[in-house]
Every structure is written in C-alpha cells, then in structure tokens.
Amino acid sequence: MNILVIGANGRVGQKLIENLSNQNHDVIAGSRHPEQLVTLKKVKSLQFDLHDSVDVLSQKLQDIDVIYFVAGSRGKDLLQTDAFGAVKSMMIAEKLGISRFIMLSSSHSLEPEKWQTPDMLPLLDYNIAKFFADNYLINQTNLAYTILQATALIDGPATGNISINAASKSQNTIGNVALTLAAIINHESTSKKVIRMSDGDTSIDEALSSL
C-alpha cells in the first residue's frame with residue numbers, strides 16, 4: 001500500500017515508518033523538516049507543514065491508500081498541530097478520497113471526567129486538543145478511522161506484547177506503540193474503533209484480532 005505518515009519525524013513516527021517499510025509498504029514520510037529523516041528503503045520524505053492550508057497540502061499528495069496521523073507538538077503548538085492539524089489531515093483525506101485514517105491519541109482522551117487525577121493533570125491541555133480532534137474524526141467525517149489511545153510513552157525496546165481496553169500497566173514503550181500502529185492496517189476489525197493500549201502480555205496480532 002501507499003501510506004502517508006504525518007509526523008514522521010517524531011518519536012513514534014520514526015519507528016512507524018521503519019515498521020511500515022519492513023512490511024514492504026511504500027511510505028511517504030511527511031514532516032516539517034524532512035531533511036532530518038533517516039534514509040530508509042521504500043520511504044520518501046515530504047515537506048508537510050500542518051500550518052499550511054488543506055488545499056496546499058492536498059496538492060502534494062496522490063495515490064495514497066492510508067493516512068497515519070502521529071504528529072504531536074509536545075505542548076508547543078497544541079492548537080495548530082495536535083488539534084486543527086489533525087482536523088486538516090482528515091479534511092485532506094476526505095478531499096482526496098482516502099478512506100482509511102489511523103490516529104495516535106492519548107489514553108482517556110474522550111473521557112474528560114478522568115483528566116483531574118494527579119497523573120493526568122499535567123496533560124490537561126494536550127487531552128483537550130486530542131478531545132476535539134478525536135471527536136471530529138468520529139462524528140464529523142465518514143472516514144474508516146482507528147484511534148489508538150496510548151498511555152504514557154517511555155523509551156525502551158519493543159516487546160511485541162500489549163494490553164488493550166483493559167485496566168493494565170500505565171505505560172507503553174514507543175516501540176510497542178509503533179508496532180501496534182503498523183499492525184492495525186492488517187486487521188479489518190480495527191476500523192471504526194477507539195482502542196486504548198498499554199504494554200501487556202498479549203501479542204499485538206492476537207490483541208487486535210480479538211476486537
């Protein structure tokens with residue numbers, strides 16, 4: 001498949017494009033600074049600035065089958081990147097007739113009542129941005145979406161084992177998140193789903209197949 005990854009230069013994005021390349025997909029790695037991307041087989045870099053208009057960004061794309069949105073400003077540009085940047089990416093997908101849209105989000109992004117706990121308060125503004133982006137994707141588009149809600153990201157090697165939609169460990173290795181994102185397109189059962197994940201004891205394919 002031809003896959004656009006928006007936010008390819010981020011912590012998750014870098015591993016995601018590598019995983020998709022290893023699955024033999026053709027990847028367009030979109031980022032604001034494509035010159036910083038590592039060269040990988042079957043990966044082409046593309047200057048993709050979420051501050052640009054939908055029309056400008058759409059003109060850069062053709063023959064895309066799937067869009068991944070994994071961009072994040074880490075609190076520096078929440079409105080234009082994490083919130084409206086995501087929405088513009090959805091608009092681009094619909095404008096170009098790209099039905100499959102996979103977005104990385106935050107654990108409990110759609111449950112504001114859970115944001116006031118001490119561990120969630122530092123992420124309040126981020127969760128607000130993701131709340132509006134996630135709701136737009138679910139309620140204002142006709143896209144075949146998957147929203148992957150990840151708990152706290154940590155550095156570390158991927159184990160390939162996760163837990164989904166259950167009370168579980170409160171963290172994810174970045175490698176496991178990237179592997180799970182890459183596996184989602186192999187499971188039709190993930191379409192139109194919001195999936196909360198963390199590190200766990202079930203293989204990624206088994207966990208996604210259970211949906």
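Residues are numbered from 1 along each chain as its sequence is written. Because the model is predicted, local features need pLDDT of at least 70 and side-chain atom pairs count only at pLDDT 80 or more, while totals for chains, interfaces and linings use all residues; side-chain values use heavy atoms, with hydrogens and water left out.

**Strand pairing**

Helices (H or I, at least four residues) and strands (E, at least two) are DSSP runs numbered from the N terminus. Two strands pair if DSSP finds at least two bridges between them. The table lists pairings in this model.

| Strand | Partner strand | Bridges | Direction |
|---|---|---|---|
| β1 (residues 2-6) | β4 | 4 bridges | parallel |
| β4 | β5 (residues 100-106) | 4 bridges | parallel |
| β6 (residues 144-150) | β10 (residues 193-199) | 5 bridges | parallel |
| β8 (residues 161-164) | β10 | 3 bridges | antiparallel |

Leu148 stands opposite Ile195 of β10, and Ile162 stands opposite Asp199 of β10.

Strand β4 spans residues 66-69. From this strand, Val66 and Tyr68 point one way, Ile67 and Phe69 point the other way, and all are buried, where buried means under 20% relative accessible area, exposed over 50% and partly exposed in between, with a 1.4 Å probe and protein chains only. Val66 of β4 is the bridge partner of Ile3, and Ile102 of β5 is the bridge partner of Tyr68. From β4 the chain crosses through helix α3 (residues 78-96) to β5, in a right-handed β-α-β crossover. Right-handed means that, with the strands pointing away from the viewer, the path from the first strand over the helix to the second runs clockwise.

Ala83 is located in helix α3. This residue counts as buried because its relative accessible area is 13%. Ala83 touches Leu78, Ala129 and Ala133, leaving aside residues up to four places away in sequence; contact means heavy atoms within 4.5 Å. Pro34 lies 49 residues from Ala83 along the chain, and the C-alpha atoms of the two are separated by 22 Å.

Lys88 also belongs to helix α3. Lys88 is buried yet has no salt bridge, a term for a side-chain nitrogen of Lys or Arg within 4 Å of a carboxyl oxygen of Asp or Glu. The nearest side chain of opposite charge is that of Asp52, 7.0 Å away; Lys and Arg count as positive and Asp and Glu as negative, whereas His and the chain ends are not counted. With residues up to four places away in sequence not counted, Lys88 touches Leu50, His51, Asp52 and Val54.
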